[in-house]
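Welcome, and take a moment to turn the model around before reading on. We will go through it together, one region at a time.

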Amino acid sequence: MVDVDLTVTINGISYPNPLIVASGPSTLNPKAIMKCFENNAGGVVTKTITYDPMQQLQPKPRMYLIGKRELFAGKLYSFYSVDLMSEYEPERWVKFIRDVKREMSRRGIRGGLIASIAGRSYEEWGKLAGMMEDAGADAIEINLSCPHIEGEELMGRAVASRPEAIRNVIKAVKENSSLPVIGKLTPHGANPLELAKIMVSAGVDSLVSTARFQGLVIDAEKLCVVSWGGYGGYGGPWQLPISLSWTAKIVSENLGVPVIGSGGISSGEDIARFILVGADATQCCTAIMLRGHEAISKMISELKDWMNKHGFSKISDFRGMILSKIIKLEDLNRRRIYRFLVTDKCTGCGICVKVCPYHAIDLSPLGKAEINMRRCDNCGLCSSLCPSEAITYALRETKAKQASP
Ligand SMILES: Cc1cc2nc3c(=O)[nH]c(=O)nc-3n(C[C@H](O)[C@H](O)[C@H](O)COP(=O)(O)O)c2cc1C
């Protein structure tokens, strides 16, 4: 096994690996933050620091897992929660950050410590930024993404639809601190690519793509909203392809700042997926919270194994590798014809017969699926649904003329 170099550099800060623990319950106090570093986190973002008393007091209960069995089986699950911001006053966080930095230096632990902040006014954004710099944080993350915040507030996703407010928040933060500023994008109710452009033009030094959505989970038996009873943040591994697509689009736009991929990561391969679309590093919250801090070391070791398997010795060997392979719909040759073939594995369950939108499949007298090639549209639904993986396909021919758009 080759020894791989996982180091990444973002805005001049060196991270020993590309897994940054995102702001959340796994980073809520110095003990939790140290646990992240002890488990080899490349960096840690503090729970969001604010003076807002409404944000400091948590609804109870507020955490609700949908798909317990799936979580433990490594399959898709959803996590629904209204975890607001940190309960500790910013002055307390100044001491926390100093303590963590001192402890890291005493123990020779490398890694970036990022302070997540949220102000109620531009002055407060500026004040918090200055305090975090004095405390010794390596960078500042601005929380313009929290899914629970709506209305006229100046924090969380409430700001995402107000470009002027975004610019003023970033201005206030930049004027009061010389630290790199990371803009965290909401995927929700706004076009993250447009948000990214606004944030970059206003001066952020890097971006996180993306935070979670808001959802509403209803218990139809008890006729109520689950957990604390209201709207909640909604995320999980199913979000990964959505965040990947925004990350790929933002990276492709060459905005000139590093992009940190986030949203739905639960394995080393997921970290690799974000880097393959050009992310410089990644952030992960839910999977670490649900599996414990040990999940950090596990994902890093999975990433190393994956790199070894593919012969990559450093992150830059594969960063952005997939981007040139993403086909634009207008460039796709839509005249290609595939041959769908039912193999011996067919059990005659008839699912493909029921779902084929073109009525191109019947069961033969022997009880096996048979595809009528003249009716088949090559859509692939049968093959993707077949429980016994009995339907395969291969390219047959390309018609000379490209379909008109
Ligand atoms: C319970 C919980 C609490 C969170 N608290 C914060 C927070 O205080 N500040 C923040 O910026 N993001 C917060 N987040 C969002 C995460 O940092 C992260 O952006 C989001 O969950 C997407 O990543 P994931 O799919 O790896 O969880 C929280 C997420 C969860 C699930």
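First, some ground rules. This is a predicted model, in which local features need pLDDT of at least 70, side-chain atom pairs count only at pLDDT 80 or more, and totals for chains, interfaces and linings use all residues. Residues are numbered from 1 along each chain as its sequence is written, and side-chain values use heavy atoms, with hydrogens and water left out.

Residues count as lining when they have an atom within 4 Å of a point. Grid points are joined across faces, edges and corners, and a volume is the space filled by probe spheres set on the points.

By this rule there are four cavities of 30 Å³ or more. The largest cavity has a volume of about 530 Å³. Its lining is made of 37 residues, and those nearest the centre are Ser23, Gly24, Lys184, Arg212 and Cys285. Two or more lining residues come from each of β6 (78-81), β16 (281-284) and α10 (286-291); such helices (H or I, at least four residues) and strands (E, at least two) are DSSP runs, numbered from the N terminus. The largest share, three residues, belongs to α10. Sorted by class, the lining of this cavity has 15 nonpolar, 17 polar and five charged residues. Here Ala, Val, Leu, Ile, Met, Phe, Trp, Tyr, Cys and Pro count as nonpolar, Asp, Glu, Lys and Arg as charged, and the others, Gly among them, as polar.

Now for the open spaces. The largest pocket has a volume of about 330 Å³. Of its 13 lining residues, Arg334, Arg336, Ile337, Asp377 and Asn378 lie nearest the centre, and strand β17 (residues 336-342) gives the largest share, three residues. Five nonpolar, two polar and six charged residues make up this lining. The second largest pocket has a volume of about 260 Å³. It is lined by 14 residues, with Met54, Gln55, Val82, Leu84 and His148 closest to its centre. That lining divides into eight nonpolar, three polar and three charged residues.

Next, look at the ligand. There are 20 residues around the ligand, of which Ser23, Lys47, Thr48, Gly264 and Thr286 come nearest; a residue is near when one of its heavy atoms lies within 4 Å. Some side chains also make polar contacts (a pair of N or O atoms within 3.5 Å; within protein, one must be able to donate a hydrogen and the other to accept it, and residues adjacent in sequence count only if both atoms are side-chain atoms). An N or O atom in the side chain of Thr286 is 2.4 Å from an oxygen atom of the ligand. For Lys184, the distance from a side-chain N or O atom to a ligand oxygen atom is 2.9 Å, and for a polar side-chain atom of Asn143 it is 3.2 Å.

Two helices deserve a visit. At its N-terminal end, Asn191 caps α7, with a side-chain oxygen 2.8 Å from the backbone nitrogen of Leu193. After α7 comes Gly203, with a positive phi near 115 degrees.

Why is helix α9 (residues 268-276) described as largely enclosed by the rest of the structure? Because seven of its nine residues are buried. The partners of these buried residues include β3 (19-21), β15 (259-262) and α11 (294-310). Just after α9, Gly278 takes a positive phi of about 105 degrees.

Finally, visit two loops. Asn39 lies between α1 (30-38) and β4 (43-45), and is buried, with a relative accessible area of 14%. Its side chain reaches the backbone oxygen of Lys35 at 2.9 Å. Arg110 sits in the loop between α4 (90-106) and β7 (112-117).

How values were computed: 1 Å grid on protein atoms, 1.4 Å probe; cavity = no way out; pocket = protein on both sides within 12 Å on 5 of 7 lines; lining within 4 Å. Buried < 20%, exposed > 50% of the residue type's maximum accessible area, 1.4 Å probe, protein only. Contact = heavy atoms within 4.5 Å.
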